[in-house]
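Q: I would like to learn how to read a few features of a protein model. Please give the general idea, then the case at hand.

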Amino acid sequence: MFDGFALEHIDTGEATLRVRHGGSGPPVLLLHGHPRTHATWHRVAPLLAADHTVVCPDLRGYGRSSKPPTTADHAPYAKRAMARDCLALMRHLGHDRFAVFGHDRGSCVAYRLALDAPGAVTRLAVGDCVPIAEHLARCDERFARAWYHWFFFAVPDKPERAILADPAAWYGGSKEAMGAEAWEDYQRAVHDPATVRAMLEDYRAGLTVDRRNDEADRAAGRRIACPTLVLWSEHDDLGDLYPDIPGIWRAWADDVTCGTIDSGHHMAEEAPEQLAGALRAFLAPERG
């Protein structure tokens, strides 16, 4: 995986992130979702690295990045904290301004980074995501049935016990779909009790501090100023839950472009060429 990429563990001040980086050209930060690691990008990153510097970390708590102790308010696993890690990481690597694409939970970190550090983010892309506050404001029976894990993961202790009883059955995936090395990296992560607990803290923060941060931004009229690309998987359920995904994002961002990827939820693994093509078109200098 990641031929020609460097592998490092970088101290960001609040956490130590495992990160792959390589390529040359304008920098782009790729942020994975739950329960993946940075290895989910192994088919996409080399395609982008032809004309971009590509940075792929494990988010704090995930993979082999560090797992800071949590607190009663879950703030160490807030998207704001993860965004601070990412900003410090990019500055450590010499990138004061950069584009960012996040998928799933990584999208929540990506849009939080664009809101909290607008001077650093040149372009934002999100995959299979609407803002956390929008999900919760629209929560109905359909959402609760389809995405019940948001609420189960918030329960203390019990989800850890359920997942760790049989992580492979809980999370699924396959070596054939993911690639052997990515699969092995993912398996190490989901079988590690500390990683599972930290990943659940991500969701616990989502229902509490992350929601409050989103709502505070909306009340204050803060918006995403940079060009924003919104992608969603054609064979996943986000589009079924929200027929007006573009409208949702236009309430948060000034310049929104939308598109779909012909894949299930894990678009980077299932449709890497199409995803990389969409990102390269969005990141192209001629877009202005």
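A: Start with cavities. On a 1 Å grid over the protein atoms alone, a cavity is a set of points where a 1.4 Å probe fits but cannot get out, and lining residues have an atom within 4 Å of a point. Grid points are joined across faces, edges and corners, and a volume is the space filled by probe spheres set on the points. In this predicted model, a search of the whole structure gives 3 cavities of 30 Å³ or more. The model's local features need pLDDT of at least 70 and side-chain atom pairs pLDDT 80 or more, while totals for chains, interfaces and linings use all residues. Residues are numbered from 1 along each chain as its sequence is written, and side-chain values use heavy atoms, without hydrogens and water.

Q: What volume does the largest cavity have, and which residues line it?

A: Its volume is about 80 Å³. The lining includes His32, His34, Trp41, His103, Asp104 and His265.

Q: How is a pocket read, and which residues are closest to the centre of the largest pocket?

A: A pocket is an open set of points with protein on both sides within 12 Å along at least five of seven lines. The largest pocket has a volume of about 540 Å³. Of its 27 lining residues, His34, Asp104, His149, Tyr203 and His265 are the closest to the centre.

Q: Which peptide bond is cis?

A: Most peptide bonds are trans, and most residues other than glycine have a negative phi. The bond from histidine 34 to proline 35 is cis, with omega near 0°; proline 35 sits in the loop between β3 and α1 (45–48). Aspartate 128, not a glycine, has a positive phi of about 55° and lies in the loop between β6 and α4.

Q: In what order do the strands of the sheet come?

A: Two strands pair if DSSP finds at least two bridges between them. The 8 strands form an open, mixed sheet in the order β1-β2-β4-β3-β5-β6-β7-β8. β1 (6–11) and β8 (256–261) are at the edges with a single partner strand each, so one side of each has no neighbour in the sheet. Within the sheet, β6 (residues 121–127) and β7 (residues 228–233) run parallel, joined by 4 bridges. Alanine 125 has leucine 229 in β7 as its bridge partner.

Methods:
Helices (H or I, at least four residues) and strands (E, at least two) are DSSP runs, numbered from the N terminus.
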